[in-house]
Amino acid sequence: MGAPKIFFMLLAMVFLKGAVSEVHTVGDELQWNTGANFGSWSQKYNFSVGDTLVFKYVKGQHNVYEVIEATYRSCNGSTGVLATYESGNDQLELDQARKYWFICNVGGHCLGGMRFFIDVKEANSTNLRPTTPQSEPPPPPPASSCATIYVFDGWSSWISLIAFGVLLQW
C-alpha cells in the first residue's frame, strides 16, 4: 500500500470522526425579550457539550447573566454572577457537561420571566428529546432558530472502514 493512500485514509478518519453541534437562538424567533416563555423554550431542546447559545436582543434594553442556581432562583444579580454579556448578539459555547442558569438583570425582567436553565450533557449521537411527560408535544423549532452542524459521528467509522476497503482495491 502506497504512502499517499495511508495518508489519505488517516486524514479522512480525522475529519469524519466528531460530534453533532447545534446553534440555538435563545427564544427562537422571539429571541431574548420579555414576552417569550424561556422555560418552555429550554425544554424543547437537548443541549450537548459543543452546542452554542445565541442571545439576540437590543443592546441596552437587556443583558445576559450566567449565574449560580441561588441567584437564578432569587433573581438578584448582585451576587453569584459567573459571566455577563451585553453586546446584543452574545454567543456562548457550552463547553462543559453541567447545569447552566441564565437571567436578564435589567430591572424586573428576571422576575417577569427572562430566565431559564439548561442541563448540558456530554456530546453524542444518542441524545434524544427529554423523556419526562409533557402535556402536549412542543412544536418543531423554526428552521431559522436552530442551525445544525453535522460532523459525522460513531456510525461514520464503519462507513469510513468500508470506503477505505474500496479505496484499497483502487
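Predicted model: local features only at pLDDT ≥ 70, side-chain atom pairs only at ≥ 80, totals over all residues.
View 1. Look for the closest cysteine sulfur and you will land on Cys110. The two sulfur atoms are 8.1 Å apart, too far for a bond, because a disulfide needs sulfur atoms within 2.5 Å.

**View 2. The disulfide between Cys75 and Cys110.** The structure holds 1 disulfide, and here it is: the sulfur atoms of Cys75 and Cys110 sit 2.0 Å apart. The torsion about their S-S bond is about -65 degrees, so the disulfide is left-handed.

View 3. Follow the chain into the loop between helix H2 (38–43) and strand S2 (52–56) to find Lys44. Is this lysine buried or exposed? Lys44 has a relative accessible area of 13%, so it counts as buried, the limit being under 20%. The side chain of Lys44 meets that of Asp28 in a polar contact of 2.5 Å.

**View 4. The largest nonpolar core.** This core has 20 residues, and those touching the most other members are Trp32, Leu53, Phe55, Phe102, Phe116 and Ile118. At least two core residues come from each of H2, S2, S6 and S7. A second, separate core has 7 residues, including Tyr72, Cys75, Trp101 and Ile103.

**View 5. The surroundings of Phe102.** Which residues does Phe102 touch, leaving out those up to four places away in sequence? Among them are Leu53, Phe55, Phe116 and Ile118, which are also listed with Phe102 as residues touching the most other members of the largest core. Phe102 also touches Val64, Tyr65, Glu66, Tyr72, Leu92, Met114 and Arg115.

**View 6. The whole protein, for orientation.** Stepping back, you can trace 4 helices and 8 strands, which run along the sequence in the pattern α-β-α-β-β-α-β-β-β-β-β-α. Of the 170 residues, 33% are buried. Among contacts with a separation of 6 or more, 73% are between residues 24 or more positions apart. The accessible surface comes to about 10,300 Å², and carbon and sulfur atoms account for 60% of that.

Key
Residues numbered from 1 in each chain as written. Heavy atoms only, no water. Buried < 20%, exposed > 50% of the residue type's maximum accessible area, 1.4 Å probe, protein only. Contact = heavy atoms within 4.5 Å. Areas by Shrake-Rupley, 256 points an atom, 1.4 Å probe, with all protein chains shown as cover. Polar contact = N/O pair within 3.5 Å; in protein donor to acceptor, adjacent residues only side chain to side chain. Core = buried A, V, L, I, M, F, W, Y, C linked by side-chain atoms within 4.5 Å.
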